[in-house]
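Biologist: I would like to learn how to read a fold from its coordinates. Please take one feature at a time.

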Amino acid sequence: MHWENLLRFIRQKLTDYCGKWLLSLLSLIITILPAAAQSADIESVRIWRSPESTRLVIDLSDTVKHQLISLENPNRLVIDIKQIRLATSFKNLDLSKTPIANIRHAQRNKTDLRIVLDLSASVSPKSFILPSNEQYGDRLVVDLYDKKQSTSTVSYTHLRAHETLRYLV
């Protein structure tokens, strides 16, 4: 009977010790995991204007998941990027002749980044990820297509102001 008590005591102490060790290991993993998951950096940003659109290229150290959200009154485009860190600045971008009036950003959830483009005009945004190649690493491309006012709307408005309704029919 004495040996049974001794074995039970040893088994209990071993279980307690292993349980504490396992709990410590899990705590360490939970602490390290968010840092390991944040694997991408925004390394640089480029912008250029074409006659019909503006292209913003965000150079990345790794592929990312992102989401675009268009907002109105005032016009803004929100770019949410998961598991990323900003390792560059938007300050040196030449925003003249683009629909972008200002670029703001903030870290979210300690791992995600929100970029807000304050827009001076309404645009149709499109985005896509380009995989790395020989010249460039992974890139997030955001195209801002200019919205043109319809000529039929302009003509109709002009005729309504100066003509009677029977000339429109």
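Modeller: Start with a strand pair. Two strands pair if DSSP finds at least two bridges between them. Here E4 and E7 are joined by six bridges in the antiparallel sense. One of the residues involved is Ile-79, whose bridge partner in E7 is Ile-115. This is a predicted model, in which local features need pLDDT of at least 70 and side-chain atom pairs count only at pLDDT 80 or more, while totals for chains, interfaces and linings use all residues. Residues are numbered from 1 along each chain as its sequence is written, and side-chain values use heavy atoms, with hydrogens and water left out.

Biologist: In what order do the strands of the open sheet with E4 and E7 stand?

Modeller: The order of its four strands is E3-E4-E7-E6, with antiparallel pairing. Strand E3 (66-71) and E6 are the edge strands, and each pairs on one side only.

Biologist: Which strands form the mixed sheet?

Modeller: Five strands form that open sheet, in the order E5-E1-E2-E9-E8. E5 and strand E8 (123-130) have a single partner strand each, so one side of each is left without a neighbour in the sheet. Ser-53 stands opposite Tyr-145 in E9.

Biologist: How many helices and strands does the chain have?

Modeller: Helices (H or I, at least four residues) and strands (E, at least two) are DSSP runs, numbered from the N terminus. The protein chain has three helices and nine strands, in the sequence pattern α-β-β-β-β-β-β-β-β-β-α-α. For contacts (heavy atoms within 4.5 Å), 54% of those between residues at least 6 apart in sequence join residues at least 24 apart.

Biologist: Is Thr-54 buried or exposed?

Modeller: The scale is relative accessible area: buried is under 20%, exposed over 50%, and partly exposed in between (1.4 Å probe, protein chains only). Thr-54, in strand E2 (residues 53-60), counts as buried because its relative accessibility is 1%. Its contacts beyond four places in sequence include Ile-100, Val-142 and Leu-144. Over the protein chain, buried residues make up 25% of the 169 residues.

Biologist: And Ala-101: buried or exposed?

Modeller: Ala-101 counts as exposed because its relative accessibility is 52%. Ala-101 is in strand E6 (residues 100-108). Ser-120 is 19 residues away from Ala-101 in sequence, yet their C-alpha atoms are 5.6 Å apart. Beyond four places in sequence, Ala-101 touches Leu-95, Asp-118, Leu-119 and Ser-120.

Biologist: Which residues touch the most other members of the largest nonpolar core?

Modeller: A nonpolar core is a set of buried Ala, Val, Leu, Ile, Met, Phe, Trp, Tyr and Cys residues joined through side-chain atoms within 4.5 Å. The largest one here has 26 residues, and Ile-42, Leu-56, Ile-115 and Leu-117 touch the most other members. Elements giving two or more residues to this core include strand E1 (40-49), strand E7 (112-119) and strand E9 (139-146). Leaving aside neighbours within four places in sequence, the contacts of Ile-42 include Ile-58, Leu-60, Ile-81, Leu-113 and Ile-115.
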